Amino acid sequence: MAASPLRGGGLAVAVLLVGALALLVQDQAARCDAAAATCVGVAPEKRRPEVVSIADFGGVGDGRTLNTWAFRKAVYRIQHQRRRGGTELRVPAGTWLTGSFNLTSHMTLFLARGAVLKATQDARGWPLVEPLPSYGRGRELPGARYASFINGNGLRDVVITGDKGVIDGQGEVWWNMWRQRTLQHTRPNLVEFMHSTGIHISNIVLKNSPFWNIHPVYCDNVVVTNMMILAPHDSPNTDGIDPDSSTNVCIEDSYISTGDDLVAIKSGWDEYGIAYGRPSSGITIRRVRGSSPFSGIAIGSEASGGVRDVLVEDCSIFDSGYGIHIKTNVGRGGYIRNVTVDNVRMSGVRSGVRIAGDVGDHPDGRFSQLAVPTVDAVRISNVWGVGVQQPGSLEGIRNSPFTRICLSNVKLFGWRNGAEWRCRDVRGAALGVHPSPCAELATSFASAAGSCSY
């Protein structure tokens, strides 16, 4: 008699095929349902009545000429001319080598098709800036930090866009300094805005950032859409997009493949973040796809100013460490609350969902053991995964359990025999979860209604 295809290893294959088919069906349905949903209106792209070219200011796009002075002259002219409706600075096709430079209000930086804005690799002449007050020091080393490649501070109405032009941070030299422990200061981000509002970034490619790619900090009304963000998986700390102590941030329709978290929501570091006291709130992450050796969508671990009102929906995460990762630690203080994750697809991830209270280092020894963070009202629903090695872990803090952690219709396939959810110091509910949820989460409709009534 022929062996049944569902015996032995065939059963596992069948389960994977069923899971993959369900994943595909849900992916198609989610894309149709969410096609009209958008939040880009919080900072729309604007057409400028005046257009100037970097070539008008002496810029040369030959890949050898250093154009730092040309970019600074162009921005200075836009800042002081103050054209009604603003000015577009156009970067034509070519390779434009430059050092760090600042933007100004009411301007658009437009990268034409074939334009590559390339950061110089001369770290010796790279400018330094003060550490962020909510961090108290550079993120990697005490003291000052290297300025970001493209900066904006105290600005309004700024657009960075193009026709698939490229910003290349040439981060290899910085990654090697990190690996060799020869860094003098914290590495530069690729794009950073501080204390700014009405920021729109779209339709370009970011690659090889020395550190974090896009870092809006102390900002309001920020849109990042239709982006491609790339860095090798072994590039250290090359987070994709890190909203930090910012409000009304919209991240949509982007592909990210980097060496660290694709998106990480932050709000300051330990006692410095607590003292600064500016939360991240009103964060929407929608239709983001990508791969990372660390987390797909992360909150924390630097969340000392608080994180609230987060919506993650219709995202696809593959070949990654963690699908969804909420992380904090004793000493952080602050809170993470009112987080909704819906319609997320995963494949080839090490762990599907992780919520942890023991993650992250400290800026110094002055953090307080009494600064215990709270995690409350986290709803994760309609998550499908195949090739998931471990379903997840929900591990709070002793004597300060994470509360109202609610899982609904979370189906994860591909885990090895014996793999199970790990839970401690957590309260909430789980309905329609595979593999079976841990005992700490209520599994009846009545109990779930009480635990997840928010």
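1. In this predicted model, helix α2 supplies four residues to the lining of the second largest pocket, the largest share from any element. The elements that contribute two or more residues to that lining are α2 (68–81), β5 (101–102), β10 (150–153) and β13 (191–194).

2. The second largest pocket holds about 390 Å³ of space. Its lining comprises 22 residues, and those nearest the centre are Phe101, Asn102, Asn151, Gly152 and Asn153. By class, this lining has 12 nonpolar, six polar and four charged residues.

3. The largest pocket has a volume of about 500 Å³. It is lined by 23 residues, with Arg139, Asn237, Asp260, Glu302 and Lys327 lying nearest its centre. Strand β23 (residues 307–327) gives the most to this lining, namely three residues. The class composition of the lining is six nonpolar, six polar and 11 charged residues.

4. Turning to charged pairs, the count comes to 26 salt bridges. One of them joins the side chains of Asp157 and Lys46, at 3.6 Å from N to O. Asp157 belongs to strand β11 (residues 156–162), while Lys46 sits in the loop between α1 (9–34) and β1 (50–53), so this pair ties together parts that are 111 residues apart in sequence. Asp157 has a relative accessible area of 13% and is therefore buried, the limit for that class being under 20%. Lys46, at 41% relative accessibility, is partly exposed.

5. A salt bridge also links Arg113 and Asp163, whose closest N and O atoms are 3.0 Å apart. Arg113 is located in the loop between β6 (107–111) and β7 (115–119), and Asp163 in the loop between β11 and β12 (166–168); the pair therefore ties together parts that are 50 residues apart in sequence. Asp163 is partly exposed, at 32% relative accessibility.

6. Arg424 and Asp425 form a further salt bridge, with 3.3 Å between the closest N and O atoms. Both partners are partly exposed: Arg424 has a relative accessibility of 35%, and Asp425 one of 27%.

Definitions and conventions:
Residues are numbered from 1 along each chain as its sequence is written. This is a predicted model: local features need pLDDT of at least 70, side-chain atom pairs count only at pLDDT 80 or more; totals for chains, interfaces and linings use all residues. Side-chain values use heavy atoms; hydrogens and water are left out. A salt bridge is a side-chain nitrogen of Lys or Arg within 4 Å of a carboxyl oxygen of Asp or Glu. Buried means under 20% relative accessible area, exposed over 50%, partly exposed in between (1.4 Å probe, protein chains only). On a 1 Å grid over the protein atoms alone, a cavity is a set of points where a 1.4 Å probe fits but cannot get out, and a pocket is an open set with protein on both sides within 12 Å along at least five of seven lines; lining residues have an atom within 4 Å of a point. Grid points are joined across faces, edges and corners, and a volume is the space filled by probe spheres set on the points. Ala, Val, Leu, Ile, Met, Phe, Trp, Tyr, Cys and Pro count as nonpolar, Asp, Glu, Lys and Arg as charged, and the others, Gly among them, as polar.
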